[in-house]
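Colleague: Could you take me through this one? I'd like to hear what stands behind each label.

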Amino acid sequence: MAKESFDKEIQFLRMLVLTSGAYSRQQFADRLGISIHTFDKTIKKLKEIVNAVYQQLPEEQGKEFAETVRYSYFDSADHMLLFLFRAKSLKETESKRISLLLEALQSGRTLTAMELMDACCGNMPAELAPPDEKTVRSDLKYLEEVGVIRKEPGPRPYRYRLANELVQELTEEELLDLYDFADVMANTHVPSVQGYMLRDSLKKHLQRTQEDTVTLDAFLYKYHFYSRLLDEAHLFSLLAAIRERRKVKFLYFSPKKETSYASRNTNPLFERDTTGKEEVAIPIKVVYDHQYGRWYLLGFHSGKGIVKYRMEGMTQIQEGEAVPQEQFEQHLAQLEARTARSWLIDTGRTVTVRARFFHPVGAPQNFIKERVQLQGQWGRITEEDGADSFLYEIEVNGTFEIRPWLRSFGSSCEVLEPLHLRKEMIDEWKEIADYYEPV
Amino acid sequence: MNPFEKIFNYQLMSRLEDSGTFMVTGNERSWLKAMLQHSEAVQAFAPGTLAKLESLLEQDSLMETAGPLIQKAASKELQVYHPLLRQLRRSIMHRNQIKLSYMIKNGRQHEHQSGVPYKLEYSMVKKEWYLLWYHQRHRSLMSTKLQTILAIQDMPCEPERYIQLTASIEALLAKRSTSAVIQVVETYNAELSRILYAFSCFEKAVSYDDQLKSYTIKLTFLNNEAEYVLSKIRFLGKRIKVTQGDYLQRRMREASSLALARYGATPEREKGAVTATGMNTEAQAKAGADIVPE
């Protein structure tokens, strides 16, 4: 059986989250390159998952799906996109069987394969066929592999138990701390999908054991790029390929195709399948960009040399053959040298950017300097000019990626060098000034 | 392991939830094991818990990410945990009131202020924790850095009283909510993805005019967040234009003219009207005044 791919669901959710309600059904389907029928089917499946996972959305409510996944800050404790990772399809009999096996092992019980088989057959609803021994044994093998159950030490027949020491051994108070820890780390660090899953399971467990009147969700994260979670779908297969030095093959949709965009008037992000390009590259690094909340893959392409891909544009990823260690090391060294001075991922010529930052007027706190120190990466403050201003200097590959950051300081930042950047800044401020001219 | 394993299937999850079965995979434990290595993990637990967790996870592998996974343009990580989080989250959880003493900017202190804590907020930009609380005497919403808190005392709160206070908080939050409309300048429609990603950390609604091929983004935020919204707007520069929101428009107008004054340049339209060879004193005094703390 072909491996189930979630590319469609990921593209779908990304578009829904980013454009939140901008498109009609038809426009949405067009931009994804799918039929209205497929659009409806996808929505139906996603709704079903959300309903099962959160049990809060009766269909009759008629709430639009887009509404459901719309981001609302004070209601953002549960990650609304996590349900994507619950989308793997499973036959009814299989989900019932596995849940019966796990239920039988609750409360620290240890059981043999045959005892588990009996428990499973005895509780299987009449309309579903009872499993045979081979099936149960293969389920147990799978559950052991994913670390959900463990074999007890001792002679045959082996006894199995749930690998849920976390809830068995920790006190209620400790579990609450663990829940908070998972919440904080999943929200502030990458990768996070496993953290959100752990948080989710702990939350359900705490809700079962705590009184109704307690408020479990206490934390908020300001300016969190929550849609970054969607790209973690590909992260682990790419990291595995890097570890094994394997090439990857994928269909790539470049998010920036200005020309094709202009002629076709479609959003380049969501072009039709047929415009994707097949790419083969040796993956070397995965980059998470905190400025936009986006992911990139950096690698080596036999024809193009160092290549950069936006992860959101990568679909149908497949592993290819391994490359020799020596070759990989060589590309890695080359890539590291070329990106050592990248504000994000630019591998352009290295230039020294110098800018003067002005202290805020009449503020008790020098928040401009604080922000430069916090966000200025490896740049240095080279000269403090009394109470008025300071000089900041950084060597970067190209000026394109640092420019928005410098501009975000408004008139508190004056670019001194290089001259072309200074000129570009002036031109851009002139254009912006034009936008806001009183008519 | 693939994050789409069948063990995470939604029907299976909901059956386990119904029967009250707790399930955790090796993958989640590997993640946890890696996170527990963070130097601030010790602050997240009572003494002894961290060691207990480490021994429970002894058999699990450590999730390896460093090396091939790199992060760029992040703020320096000043703080991930704060020692007061555990106490304050419990105050919120048990719906208590608190008496709070804290430092304010000019070095003075406020002592024994009664309030209701409602959320703990982490700023991903400043990498610091804040307590969001309702100041009972001033009837106002407060945001206090945990770093500046000197003492907290928990006070039980009658459930009816708590409901009233929560209603006041909600009403104040609703009052502080404001919005602005931002248009994607059509020439930059091709950069829509970049623009939408940049705004994806806000509450927003996007609309698209099929005839004009024009995208507009309506952002909703609390009025004390306007500074951060402005920094994002300046960040995106000429790609976007604020079309509704007097305050943001005025600030962008000021920012552009003051920035041009810094460079000794003038807006296109005023060329010839003023010959600015450098910044005049008035402009100098004003420049930088367009930026206030986020």
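Colleague: What makes you say which residues A:L116 touches?

Modeller: Leaving out residues up to four places away in sequence, A:L116 touches A:L101, A:A104, A:L111, A:V136, A:L140 and A:Y160. Two residues count as in contact if their C-beta atoms, placed from the backbone, lie within 7 Å, so each of those pairs meets that cut-off. This is a predicted model, where local features need pLDDT of at least 70 and side-chain atom pairs count only at pLDDT 80 or more, while totals for chains, interfaces and linings use all residues. Residues are numbered from 1 along each chain as its sequence is written, and chains are lettered from A and ligands numbered from 1 in the order in which they are written.

Colleague: Why is the set with A:L81, A:L116 and A:A182 called a nonpolar core?

Modeller: A nonpolar core is a set of buried Ala, Val, Leu, Ile, Met, Phe, Trp, Tyr and Cys residues joined through C-beta atoms within 7 Å. Buried means 20 or more other C-beta atoms within 10 Å of a residue's own (exposed is 12 or fewer, partly exposed is in between; C-beta atoms are placed from the backbone). The largest such core has 166 residues, and those three touch the most other members. Helix α9 (residues 172-188) of chain A gives the most to this core, with eight residues. Helices here are DSSP runs of H or I, at least four residues, and strands are runs of E, at least two, numbered from the N terminus.

Colleague: How do you know that β1(A) pairs with β3(A)?

Modeller: Two strands pair if DSSP finds at least two bridges between them. Two bridges join β1(A) to strand β3 (residues 159-162) of chain A, so the pair qualifies, and the strands run antiparallel. A:T112 stands opposite A:R159 in β3(A).

Colleague: What makes β1 and β2 of chain A edge strands?

Modeller: The open sheet has three strands in the order β1-β3-β2 (chain A), with antiparallel pairing. Both β1 (111-112) and β2 (149-151) of chain A pair on one side only.

Colleague: Which strands pair between chain A and chain B, and in what sense?

Modeller: Strand β6 (residues 277-289) of chain A and strand β1 (residues 69-72) of chain B pair in the parallel sense, over four bridges. There, A:V287 stands opposite B:I70 in β1(B).

Colleague: How many residues does each chain bring to the contact?

Modeller: Chain B brings 112 residues and chain A 125. On the side of chain B, helix α8 (residues 246-262) gives the most, with ten residues.
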